[in-house]
Amino acid sequence: MAMAPHDIETLIKQAFPDAIVVIEDLAGDGDHYRATITSEVFRGQSRIQQHKLVYEALGGRMGGELHALALRTCAPAA
């Protein structure tokens, strides 16, 4: 069963309360999303570290409930 965009956003915001999260359904099928996440937590982290933090926030749902998620992560502009 696919995850709703709101559920994805909720999990991310639980891990990163300051985050600005935008979820887009890329294929219109409720299975392929892009998440754009801006959080201070990402400052000074490599892109790989940032994405790892997001995957951890999703609690192992990637590949199961959440089929495909493209990530765009960044720290807020200074």
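Which residues are exposed on the other side of α1? They are His6 and Gln14, where exposed means over 50% relative accessible area, buried under 20% and partly exposed in between (1.4 Å probe, protein chains only). Before going further, note that this is a predicted model, in which local features need pLDDT of at least 70 and side-chain atom pairs count only at pLDDT 80 or more, while totals for chains, interfaces and linings use all residues. Residues are numbered from 1 along each chain as its sequence is written, and side-chain values use heavy atoms, with hydrogens and water left out. Helices (H or I, at least four residues) and strands (E, at least two) are DSSP runs, numbered from the N terminus.

**Helix α1**

- Helix α1 covers residues 5-15, and its buried residues are Ile8, Leu11 and Ile12.
- Look down the axis of α1 and those buried residues fall within an arc of 95°, so they line one face of the helix; the arc is that of the directions from the helix axis to the C-beta atoms.
- The cover over the buried residues of α1 includes β1 (20-25), β2 (32-38) and α2 (47-57).
- Take Ile12 as an example: setting aside neighbours within four places in sequence, Ile12 is in contact with Val21, Ala35, Ile37, Val54 and Leu58, contact being heavy atoms within 4.5 Å.

**Helix α2**

- Gln50, His51, Val54 and Ala57 are the buried residues in α2.
- Seen down the axis of α2, its buried residues fall within an arc of 115°, so they too line one face of their helix.
- Over on the other side of α2, you'll find Ile48, Lys52 and Glu56 exposed.
- The buried residues of α2 get cover from parts that include α1, β2 and β3 (68-74).
- Just after α2 comes Gly59, with a positive phi of about 60°.

**Strands and how they pair**

- β1 and β2 pair in the antiparallel sense, over six bridges; for two strands to pair, DSSP has to find at least two bridges between them.
- Together β1 and β2 make a hairpin with six residues between them, and Gly28 in the turn has a positive phi of about 75°.
- Val21 has Ile37 in β2 as its bridge partner, and Glu24 stands opposite Arg34 in β2.
- β2 and β3 run parallel, joined by seven bridges.
- To get from β2 to β3 the chain crosses through α2, and this β-α-β crossover is right-handed: with the strands pointing away from the viewer, the path from the first strand over the helix to the second runs clockwise.
- Ile37 turns up again here, standing opposite Thr73 in β3.
- β2 is mostly covered, with five of its seven residues buried.

**The nonpolar core**

- A nonpolar core is a set of buried Ala, Val, Leu, Ile, Met, Phe, Trp, Tyr and Cys residues joined through side-chain atoms within 4.5 Å.
- The largest one here has 18 residues, and the members that touch the most others are Ile8, Ile12, Ile37, Val54 and Leu58.
- At least two residues of this core come from each of α1, β1, β2, α2 and β3.

**Salt bridges**

- There are three salt bridges in the structure, each one a side-chain nitrogen of Lys or Arg within 4 Å of a carboxyl oxygen of Asp or Glu.
- One of them joins Arg34 to Glu24, with the closest N and O atoms 3.1 Å apart.
- Arg34 sits in strand β2 and Glu24 in strand β1, so this pair ties together parts that are ten residues apart in sequence.
- Glu24 counts as partly exposed, at 30% relative accessibility.
- Glu40 and Arg43 also meet through their side chains in a salt bridge (2.4 Å, N to O); Glu40 is partly exposed at 39% relative accessible area, and Arg43 is partly exposed at 40%.
- Arg61 forms a salt bridge with Glu65, where the closest N and O atoms are 3.5 Å apart.
- Both ends of that pair count as partly exposed, Arg61 at 26% relative accessibility and Glu65 at 40%.
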